[in-house]
Amino acid sequence: MTIRALEKVSVGQNGIGAFIMQCKKIDVHYCDYSGSSRGMNSFIKSQLSKFAGSHPQIEFAVSPRPRKHPVLIGHYINGKQKSICVKNMDSLQILKKVELLRDASGEKIKKVNKPITSINESVRGVWSPYHGTGMAV
């Protein structure tokens with residue numbers, strides 16, 4: 001009788017495989033008359049079309065909100081939303097905030113206790129100089 005190894009289908013782990021953009025939609029809210037929306041209006045006129053053209057996988061919705069501060073709202077595939085108020089910012093600062101929403105995952109920021117996270121635990125355990133018999137000095 002021969003011994004056969006168990007066959008296992010490889011499972012993508014730790015981000016290996018196809019890249020999926022986490023941000024699916026960005027809402028752009030602005031006011032036509034408010035002074036705090038001056039930077040947002042210039043961003044919409046000059047840079048939004050170029051940014052949206054270079055990222056066709058993200059849906060952009062532009063809508064006016066009279067008498068309100070300008071806001072960017074990112075919608076993510078996990079169902080979460082992130083909103084950023086961009087009042088009194090110029091168009092380059094708003095572009096940085098849109099890139100921040102694009103690159104975010106939608107999850108809340110959480111504290112990392114261990115510097116390395118892995119699905120598989122260490123086989124050997126954590127080394128300590130107090131383990132074992134020790135060296136004779």
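## Helices across a four-stranded sheet

Let's start with helix H1 (residues 38–46), which lies across S1, S2 and S3 and runs at about 125 degrees to S1. Helices (H or I, at least four residues) and strands (E, at least two) are DSSP runs numbered from the N terminus. Angles run from 0 to 180 degrees between N-to-C directions, with axes fitted as lines to C-alpha atoms, for helices over the stretch in contact; contact means heavy atoms within 4.5 Å.

A word on the model: it is predicted, so local features need pLDDT of at least 70 and side-chain atom pairs count only at pLDDT 80 or more, while totals for chains, interfaces and linings use all residues. Residues are numbered from 1 along each chain as its sequence is written, and side-chain values use heavy atoms, leaving out hydrogens and water.

Helix H3 (residues 91–103) lies across S1, S2, S3 and S4, running at about 15 degrees to S3.

The sheet itself is open, with 4 strands in the order S2-S1-S3-S4 and mixed pairing. Strands S2 (59–64) and S4 (81–85) each have a single partner strand, so these edge strands are left with one side that has no neighbour in the sheet. From one strand to the next, the twist averages 15 degrees. Two strands pair if DSSP finds at least two bridges between them, and here are two of the pairings:

| Strands | Direction | Bridges | Example of partners |
|---|---|---|---|
| S3 and S4 | antiparallel | 5 bridges | Leu72 and Ile84 |

S3 and S4 also form a hairpin, with 4 residues between them. In its turn, Gly79 has a positive phi of about 90 degrees.

Now for the side chains. Rings of Phe, Tyr and Trp (its six-membered ring) pair if their centres lie within 6.5 Å; planes under 30 degrees apart count as stacked, over 60 as edge-to-face and the rest as tilted. By this rule there is 1 aromatic pair. Phe51 and Phe60 form it in an edge-to-face arrangement, at 5.9 Å centre to centre with 85 degrees between the planes. Both of these Phe residues, Phe51 and Phe60, are buried, where buried means under 20% relative accessible area, exposed over 50% and partly exposed in between (1.4 Å probe, protein chains only).

Back in helix H3 we find Arg102. Why does Arg102 count as buried? Its relative accessibility is 16%. Leaving aside residues up to four places away in sequence, Arg102 touches Met21, Cys23, Phe51, His55 and Ile58.
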